[in-house]
Amino acid sequence: MAHIELLDETMRDGQQALWGMRMQAGMALPVAPLVDRTGYRVIDLSGSSMFEVQIRHCQENPWEGLDLLTNAMPRTPIRAGMRSNASVTFGVTPDALMDAWMRQLNVHGCRSFWIYDVLFNIDKTHRLAKVAKEFGSEVAGAIMFTLSPVHTDEYYADKAAKLSECPDIDTILLYDTAGVLEKERMQTLLPGIVANSRGKPIEFHSNNLLGQSGKAYLDAIDLGVTVLHTAVRPMANGPSVPSTEIIVRNLELLGHTHDLDTSLLPPVAEHFEKVGKSAGFLVNQFAEYDVLSIQHQVPGGMVGTLKAQLAQQDMSHRLDEVLTETAVVRKELGYPGMATPFSQLVGTQAVLNIVSGERYSVIPDEVIQYAAKFYGEPAGPIDPNILDRILSSPRGKEVSSTPPPQPSIEDLRKQYGTDDDDELILRALVP
């Protein structure tokens, strides 16, 4: 039997997957003190995309909302997430701006971070972890899991070793964006990750898109995982993570222990169900096992966004066609892990291939940057014919010959006309 810690995803992954990141601080503030007292190891709250949505769609200052919620939850460490080489934008963000972003999140009360990079630029992850340690914050180094011929057990074990060798990384987070991990694969995958983690705790996050993540959580415990990511039931399942309620119940039935005060779960769940229904957002979701999901592996947080975008273009009836094309594009681009920004780049290219009527006749600059290795080394080789088409196009030649700049923080402050780094981040990342 094991003692399992729970990390709450209600206000970050739950509302990202179901509400499109449109949870304003006031929607959660009434029950934030209850969440704080529940006994979670960490409460995940913020990410760069939340900042963008708060500004673009809600016309709110995200720093003020973050302050309201962190002040309402003083007992539990508050987590924020970031990509190691890019923040809000899908392009490449200067290192100096990423360092400033990390520092300002700490200034505003975040004390736990998960840092990820689908192409595993480990040096950038280590650099940001060191910045977080200036404030004594906890850091989880993320292993973004995806199924492909090039993402082997050995591949992930090697990444776990390289992340773990950094003394500033405290835990290793296995993050299954598409919810495709089953017991058979975990039995060969997790031993290598655990063996190379230098004794650091292993966290597990799995979006329940196929309806099998709750079972995967229980199997993962037997293989060394001690921290599970969950959300209260109205904000769970479907493209979100399994519900806290069912995971806690199953843990107890199997004889495992936890630290949660389960009497506080019902009022929190009731609150978010009412708010979600009043705002017209999804709540109380479920998912069925769909083989197409395994092929395209579009992550939970992107499913709702893709559906909404297709509806805006009167293309809802072509969703399966887009998802099928997404699987093909992913293969052609060397099987990039399907997490931000590459899930969006692959999905966007798939939509353009269908809408334009000619595949790769329209290619976003970010796809060109990926092909030019500005994001890092692709996990697998890009199809030679596709690579040639991308880089030989007029726009391809221009973009690939212009690497992303690396200005200093002083240059950035001058460029955006402010010495206030809160304001600098908003101006630079959400133009």
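Ground rules come first. The model is predicted, so local features need pLDDT of at least 70, side-chain atom pairs count only at pLDDT 80 or more, and totals for chains, interfaces and linings use all residues. Residues are numbered from 1 along each chain as its sequence is written, and side-chain values use heavy atoms, with hydrogens and water left out.

Let me start with helix α10, residues 213–222. Helices here are DSSP runs of H or I with at least four residues, strands are runs of E with at least two, and both are numbered from the N terminus. Is α10 buried or exposed? Eight of its 10 residues are buried, so the helix is largely enclosed by the rest of the structure. Buried means under 20% relative accessible area, exposed means over 50%, and partly exposed is in between, with a 1.4 Å probe and protein chains only. The buried residues of α10 are Ser213, Gly214, Ala216, Tyr217, Leu218, Asp219, Ala220 and Ile221. What covers them? The cover includes α9, β7, β8 (227–230) and α11 (244–253). Just after α10 comes Gly224, with a positive phi of about 110°.

Now the loop between α9 (183–195) and β7 (202–206). Arg198 sits in this loop. Its phi is near 55°, a positive value in a residue other than glycine. Arg198 is exposed, with a relative accessible area of 59%. Ser197 lies in the loop between α9 and β7 too. Ser197 is buried, with a relative accessible area of 2%. Which residues does Ser197 touch? Leaving out residues up to four places away in sequence, Ser197 touches Ser164, Ile172 and Ile202. Contact means heavy atoms within 4.5 Å.

Another loop, another positive phi. Asn284 is in the loop between α12 (265–279) and α13 (291–296). Its phi is near 50°, and Asn284 is not a glycine. Asn284 is partly exposed, at a relative accessible area of 36%.

Next, a helix pair. Two packed helices are described by the angle between their axes and the distance between the axes. Take α15 (residues 319–332) and α16 (residues 342–356). Their axes come within 8 Å and cross at roughly 115°. Axes are lines fitted to C-alpha atoms, for helices over the stretch in contact, and angles run from 0 to 180 degrees between N-to-C directions. The crossing of α15 and α16 is right-handed. A crossing is right-handed if the near helix is turned clockwise from the far one by less than a right angle, and left-handed if anticlockwise. On the α15 side, the contact is made by Glu321, Val322, Glu325, Thr326, Val329 and Arg330. On the α16 side, it is made by Val346, Gly347, Gln349, Ala350, Val351, Asn353 and Ile354. Six of the contact residues are nonpolar, four polar and three charged. Ala, Val, Leu, Ile, Met, Phe, Trp, Tyr, Cys and Pro count as nonpolar, Asp, Glu, Lys and Arg as charged, and the others, Gly among them, as polar.

On to cavities. On a 1 Å grid over the protein atoms alone, a cavity is a set of points where a 1.4 Å probe fits but cannot get out, and a pocket is an open set with protein on both sides within 12 Å along at least five of seven lines; lining residues have an atom within 4 Å of a point. Grid points are joined across faces, edges and corners, and a volume is the space filled by probe spheres set on the points. How many cavities of 30 Å³ or more are there? The count comes to three.

The largest cavity holds about 80 Å³. Its lining includes Met23, Leu45, Gln54 and Leu69. α5 (62–72) gives the most to this lining, with four residues. The lining divides into seven nonpolar, three polar and no charged residues.

The second largest cavity has a volume of about 40 Å³. Leu333, Pro336, Phe342, Leu345, Val346, Val367 and Tyr370 line it. α16 supplies the largest share, three residues. This lining has seven nonpolar residues, no polar and no charged. Val346 of α16 also makes the contact with α15.

Last, the second largest pocket, at about 280 Å³. It has 14 lining residues, and the closest to its centre are Val92, Thr93, Pro94, Tyr416 and Ala428. α20 (409–416) and α21 (421–429) each supply at least two lining residues. The lining divides into 10 nonpolar, four polar and no charged.
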